[in-house]
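Please open the structure in your viewer and keep the selection tool at hand. The tour below goes from stop to stop.

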Amino acid sequence: MGQATREVPRDDGSRSRQARTEQVRDKVLAAAGQLMLEGGLAAATMEAIAARAGVSKRTLYKYWPSRGAVALEGFMRSADPWSSLPGNATAAESLEALVAAAARLFGETPAGPLMRSLVADAQSQDEVATALREQWLQPRRAAAGDLIQKAVDDGEFRADLDVEVVLDLLFGPVYYRLLLGHETLDTAFAVASVRQLVAGLSRRTPADSGGR
C-alpha cells in the first residue's frame with residue numbers, strides 16, 4: 001500500500017473576505033454615527049449613509065434590515081468610549097461610572113439632543129422604538145444587571161433586590177433630566193443619585209441597625 005498523502009487545506013480567501021466585510025461595516029457604522037450626531041435620524045437616510053461610506057444601498061441592506069437598525073448601531077458605536085468601566089472596582093463604583101458616563105454623553109455632546117429626538121420618534125415609529133430598546137437599552141441594562149446580581153451574590157448588596165426595578169431606579173434619573181430638562185444633567189448629579197441609591201441597596205450589618 002502506498003503511503004497516504006496528507007491533504008493540505010486550501011486557503012479559499014475566507015479570511016480576506018471577512019476582513020473586507022469588517023472594513024465595510026466599520027465604514028458604514030462610522031458614517032451612520034456621524035450623520036446621527038450631525039442631524040439625528042432624519043439625516044441618517046440610507047442614501048446619505050451609503051454616500052458617506054462610499055458603498056451602495058444594496059450593501060447596507062445586505063447587513064442591516066432597516067435604516068433604524070444601521071443608524072442606531074452607528075450611534076451606539078460612537079458612544080462606546082463613554083461606557084468603559086474602571087478596573088478592579090466594586091459594583092457600586094462600576095455603577096457610578098456607568099451612570100456618570102451616560103450623564104457626560106447626554107449632557108456634554110450632541111448625543112443628548114439626538115436621544116431626545118429618538119425617544120420622540122419612538123412614540124410613533126415602531127422601527128425606531130424596537131431599535132432603541134434592542135440596540136441601546138437592553139445591552140446597557142444587561143451589563144448593569146450583571147453587576148448588580150454579582151454584588152448580591154458577593155454580599156455587597158442586599159439579597160432581596162428586584163434587579164429590574166433597581167435598573168429603572170439607576171438610569172431613570174438621567175433620562176428624566178434629559179427629557180424634561182428641568183435641572184442640569186451632569187456628572188455631579190449622576191454620582192449623587194447613584195450614591196443615594198447604593199445606600200439603599202447595600203447590605204446592612206448589625207452595627208448599621210444598632211444591633212437589632
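Is Asp26 buried, partly exposed or exposed? Asp26 counts as partly exposed, because its relative accessibility is 36%, where buried means under 20% relative accessible area, exposed over 50% and partly exposed in between, with a 1.4 Å probe and protein chains only. This is a predicted model, in which local features need pLDDT of at least 70 and side-chain atom pairs count only at pLDDT 80 or more, while totals for chains, interfaces and linings use all residues. Residues are numbered from 1 along each chain as its sequence is written, and side-chain values use heavy atoms, with hydrogens and water left out.

Next, select Arg77 together with Asp26: their side chains meet in a salt bridge at 2.6 Å, N to O (a side-chain nitrogen of Lys or Arg within 4 Å of a carboxyl oxygen of Asp or Glu). Asp26 lies in helix α1 (residues 14-39) and Arg77 in helix α4 (residues 67-79), so the pair ties together parts that are 51 residues apart in sequence; helices here are DSSP runs (H or I, at least four residues), numbered from the N terminus.

Then move to Lys57 and Glu47, whose side chains form a salt bridge at 2.9 Å, N to O. Lys57 lies in helix α3 (residues 57-63) and Glu47 in helix α2 (residues 46-53), so this pair joins parts that are 10 residues apart in sequence.

Now select Asp154 and Lys150, which meet in a salt bridge at 2.7 Å, N to O, and which are both exposed. As a last stop, show Arg141, Glu164 and Asp168, which are linked in a network of salt bridges; a search of the whole structure finds 9 salt bridges.

Note on methods:
Helices (H or I, at least four residues) and strands (E, at least two) are DSSP runs, numbered from the N terminus.
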